[in-house]
Structure formats: C-alpha cells, structure tokens
Amino acid sequence: MIDARPIIVTGASRGVGYALVRQLLAQGTSVVGVARERPDLAEGPNFQFVSCDLSVPDDVAALVARLIPLHPSGLINNAALQTEADLTRLAPADLARLVRSEVAVDLVAPLMLAYGLFDTIARRPGGFICNINSALAFAPKLSAGAYCPAKAGLANATIALRALARRQTDCLVSQVVLPLVDTDMTVGRGSGKISAQKAASAILDGLRRRRAEIWVGQVRMLRLLQRLAPGATSRMLLGVPAQTSSV
Ligand SMILES: NC(=O)c1ccc[n+]([C@@H]2O[C@H](COP(=O)([O-])OP(=O)(O)OC[C@H]3O[C@@H](n4cnc5c(N)ncnc54)[C@H](OP(=O)(O)O)[C@@H]3O)[C@@H](O)[C@H]2O)c1
C-alpha cells in the first residue's frame, strides 16, 4: 500500500521520467510511476508502479479512477512519444496510426490526467500539475508533424489549467520546456544533450521554487529570441524562409 499523497509520474520506465522517480524517492517522496514497461525499482510504501498504455483513452480513464483514491499531491505529465517521419510519404492507415497514437500519448492522456485529478490535487496545499514540454511546441520541425502540434496543444492547455487553478486554489500549474536530453527519444540525433538526471533535477528544483515556467538550459535563449524576433525560431527549426501572410 502506497503512502498517502504520492506524486504521479508518467513515463516512469526510462529517460527523464525514470530519473524523476529516482530523485523523488531519494528525497523521501512517495511516487506512483506509470508506463507500459515496469522500471527496475522495488515497490513498497514509497513506490507503486501502475502499468497503462497511455495511447488508449479508455485505459487512461481507468487509470484516473484508480489514482483518485490515492489522493495524489502532484502530477508530472512526462510520458511522450515522438516519431520522426515524412508524413506525406505514409500510407493512409500508417498515417492514421501514427497521428492517433502520438496525439493520444502527448496530448489526450495529459489532459485526461490533469482534468481528472484536478480536484483531488488542487484541494491540497502545495498541490501541483506539471506538464513536460518542448521548444518544438512553439517552433515546430518538419520531421515531427504529430508531436509538435500535440505539444503545442499541451502548452495551450497549460494556460487554461493555470487560469482554472488561480480561480479556485493555490495549485501550481507548471510548464517545463526541456532542451535536447540524452534519452531513447533522441538516439542518433542532436548534440550538446544534457543528461536525464540533470533534466530531472532542474524540473524538481523549479517545482520546489513553485515556478510556473521552468525553461531548462539552452532553450532559455529560444524563449528570449521568440520575444525579440517572433517567427525567427520557427524559421530556424523549419529550415524555410519567412513567408508573408495576408491573414
Ligand atoms: N529527450 C529530449 O530531448 C526532450 C526534449 C524536450 C522535451 N522532452 C520531453 O521530455 C519528456 C520525457 O521524454 P524522454 O526523452 O524521457 O522520452 P523517452 O526516453 O522516450 O521515454 C518516454 C517515456 O514515455 C513512456 N511512454 C511512451 N509511450 C507510452 C504509452 N503509449 N503508454 C505509456 N507510457 C508511454 C515510455 O514508457 P513505456 O515505453 O514503458 O510505456 C517512457 O517511460 C517528454 O514529455 C518529452 O516530450 C524530451
């Protein structure tokens, strides 16, 4: 039986989520980890693993129902899926599969968890909802045509959740924007990656300070650039010249 008021961490089996779980457990916080694969962590009063395929909304609904009685004090929506592909080259059935599963894991499941657990988390002092995001939410790249808009939707939802939280409670709704992290998601691409451990400690440090926006490492520059020269970051990541628009 897990201790009262655990923190829920999705994507707990590897990468940033696994590092988050380990660091939370090391500081004596109880955690419920969610993923499909079980991480190599012993279960006990401080840690419980719940297997769930977050690409299946009915399974996520059952997960939310199972988590509510645990009275979680926080939620870290960390699990995500990114497939690099030229979407214009996929057969219709493959395109449907890719878009459906990526939007389900990266947007639908975080929304269901955030809204489904909102009341139970927000009721508690110190409660928080944390959405792990990417600079690609604000400046998409062509090779991740489903991941980027799903993450943009998550950024939009974070704004709405924040407004909801402010109206009712002191619940923190936090958005983390990570730079490239050395995990399975980025195997074979990019350079200058930070470790999953470093990403996790930056996230937990930001949450400890009750920060609403936690931009980690190099992406802080992108945030500044976006303010100074809107559109420039998109052009850099898309690799296309500026387009004029009459809209
Ligand atoms: N890596 C980067 O450079 C980077 C940069 C910016 C933002 N981010 C964000 O950081 C977060 C963590 O990414 P990461 O790099 O740690 O990813 P990762 O190493 O690929 O791990 C992804 C995690 O999500 C879980 N997951 C994926 N599909 C799932 C499904 N259908 N059902 C349940 N769980 C599922 C995986 O668990 P199972 O496979 O066991 O289910 C795994 O634990 C994500 O939100 C990502 O968008 C990452």
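**Exercise 1.** Is Leu87 buried, partly exposed or exposed?

*Solution.* Start with the setting: this is a predicted model, in which local features need pLDDT of at least 70, side-chain atom pairs count only at pLDDT 80 or more, and totals for chains, interfaces and linings use all residues. Residues are numbered from 1 along each chain as its sequence is written, and side-chain values use heavy atoms, with hydrogens and water left out.

Step 1. Recall the cut-offs: buried means under 20% relative accessible area, exposed means over 50%, and partly exposed lies in between (1.4 Å probe, protein chains only).

Step 2. Leu87 has a relative accessibility of 23%, so Leu87 counts as partly exposed.

Step 3. Locate the residue: Leu87 is in the loop between strand S4 (74-77) and H3. Helices (H or I, at least four residues) and strands (E, at least two) are DSSP runs, numbered from the N terminus.

Step 4. List the contacts, where contact means heavy atoms within 4.5 Å. Not counting residues up to four places away in sequence, Leu87 touches Leu95, Leu98, Gly145 and Ala146.

**Exercise 2.** Describe how helices H3 and H4 pack.

*Solution.* Step 1. Helix H3 covers residues 92-122 and helix H4 covers residues 147-168; their axes are 8 Å apart, at an angle of about 10°. Axes are lines fitted to C-alpha atoms, for helices over the stretch in contact, and angles run from 0 to 180 degrees between N-to-C directions.

Step 2. Angles under 35 degrees count as roughly parallel, over 145 as roughly antiparallel, 65 to 115 as roughly perpendicular and the rest as oblique. H3 and H4 are therefore roughly parallel to each other.

Step 3. The residues of H3 that meet H4 include Val103, Leu107, Leu111 and Phe118. On the H4 side, Ala150, Leu154, Leu161 and Leu164 are among them.

Step 4. By class, the contact of H3 with H4 has 15 nonpolar, two polar and two charged residues. Here Ala, Val, Leu, Ile, Met, Phe, Trp, Tyr, Cys and Pro count as nonpolar, Asp, Glu, Lys and Arg as charged, and the others, Gly among them, as polar.

**Exercise 3.** How many aromatic pairs does a search of the whole structure find?

*Solution.* Step 1. Rings of Phe, Tyr and Trp (its six-membered ring) pair if their centres lie within 6.5 Å; planes under 30 degrees apart count as stacked, over 60 as edge-to-face and the rest as tilted.

Step 2. The search finds one aromatic pair. The ring centres of Phe138 and Trp215 are 5.4 Å apart and the planes are at 25°, so the pair is stacked.

Step 3. The two residues are 77 residues apart: Phe138 is in the loop between strand S5 (128-134) and H4, and Trp215 is in strand S7 (residues 213-215).

Step 4. Phe138 is partly exposed, at 26% relative accessible area, whereas Trp215 is buried, at 10%.

**Exercise 4.** Which residues have the most contacts inside the largest nonpolar core?

*Solution.* Step 1. A nonpolar core is a set of buried Ala, Val, Leu, Ile, Met, Phe, Trp, Tyr and Cys residues joined through side-chain atoms within 4.5 Å.

Step 2. The largest core has 31 residues, and Ile76, Leu178, Ile203 and Leu207 have the most contacts inside it. Elements that give two or more residues to this core include helix H1 (15-26), strand S6 (172-178) and helix H5 (196-208).

Step 3. Leaving aside neighbours within four places in sequence, the contacts of Leu178 include Val16, Ile132, Ile203 and Val219.
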